[in-house]
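Please read it next to the coordinates.

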Amino acid sequence: YDGNGLVWVSDGMSNMMQGFDTQGEIKSALGGMDEDIKFTSPRGMHFSDGQLFVVQRLANKVSVYGVGP
């Protein structure tokens, strides 16, 4: 969980991170074809103090995004 009740899932095939509520509905997303944020094969993630850390396997980097209050 991200502290806002969302469960985040990485989708390496579409290069996105998606946040789902407890009912399984997508409530937030990062990345994808039409977004300013671009991922390269996101594989792992961690939440800490309102920030989402994303491991990008093919880019050899960790990116940090604010997702919380």
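1. Accessible areas here come from the Shrake-Rupley method with a 1.4 Å probe, and for residues only the protein chains shown count as cover. On that basis the chain exposes about 4400 Å², of which carbon and sulfur atoms supply 50%.

2. Basis of the values. This is a predicted model, in which local features need pLDDT of at least 70 and side-chain atom pairs count only at pLDDT 80 or more, while totals for chains, interfaces and linings use all residues. Residues are numbered from 1 along each chain as its sequence is written, and side-chain values use heavy atoms, with hydrogens and water left out.

3. Overall make-up. The order of elements from the N terminus is β-β-β-β-β-β. The radius of gyration, taken over C-alpha atoms, is compared with a globule rule of 2.2 Å times the number of residues to the power 0.38. The chain's value is 11 Å, close to the 11 Å that the rule gives for 69 residues, so the chain is as compact as a globular protein of that length. Along the principal axes, the C-alpha atoms fill a box of roughly 30 × 25 × 20 Å.

4. Contacts along the sequence. A contact means heavy atoms within 4.5 Å. Of the contacts in the chain with a separation of 6 or more, 23% are between residues 24 or more positions apart.

5. The sheet of β1, β2 and β3. These 3 strands form an open sheet in the order β1-β2-β3, with antiparallel pairing; two strands pair if DSSP finds at least two bridges between them. β1 (7-11) and β3 (26-31) are the edge strands, each pairing on one side only. On average, neighbouring strands of this sheet are turned by 20° against each other, direction ignored; the axes are lines fitted to C-alpha atoms, for helices over the stretch in contact, and angles run from 0 to 180 degrees between N-to-C directions. Between β1 and β2 (residues 16-20) there are 5 bridges in the antiparallel sense, and D11 stands opposite M16 in β2.

6. β4 (residues 42-48) pairs with β5 in the antiparallel sense over 6 bridges; M45 stands opposite V54 in β5. The hairpin of β4 and β5 has 2 residues between the strands, and D49 in the turn has a positive phi of about 50°. β5 (residues 51-56) is also joined by 6 bridges to β6 (residues 61-66), again running antiparallel. In β6, V64 is the bridge partner of F53, and V62 stands opposite V55.

7. Faces of β5. In a regular strand the side chains alternate between the two faces of the sheet. In β5, L52, V54 and Q56 form the covered face, while Q51, F53 and V55 form the uncovered one.

8. Backbone angles to check. Most residues other than glycine have a negative phi, and most peptide bonds are trans. N15, in the loop between β1 and β2, has a positive phi near 55°; this residue is partly exposed at 27% relative accessibility. N60 also has a positive phi, near 55°. N60 is found in the loop between β5 and β6, a hairpin with 4 residues between its strands, and is exposed at 72% relative accessible area.

9. Aromatic pairs. The structure holds 2 of them. Rings of Phe, Tyr and Trp (its six-membered ring) pair if their centres lie within 6.5 Å; planes under 30 degrees apart count as stacked, over 60 as edge-to-face and the rest as tilted. Which class does the pair of W8 and F47 fall into? The ring centres of W8 and F47 are 6.3 Å apart and the planes are at 50°, so the pair is tilted. W8 lies in β1 and F47 in β4, so the pair ties together parts 39 residues apart in sequence. W8 is buried at 8% relative accessibility, whereas F47 is partly exposed at 21%.

10. The second pair is F39 and Y65, with ring centres 5.6 Å apart and planes at 85°, so it is edge-to-face. This pair links distant parts of the chain, F39 in the loop between β3 and β4 and Y65 in β6, 26 residues apart. F39 is buried at 5% relative accessible area, and Y65 is buried at 18%.

Notes:
Buried means under 20% relative accessible area, exposed over 50%, partly exposed in between (1.4 Å probe, protein chains only).
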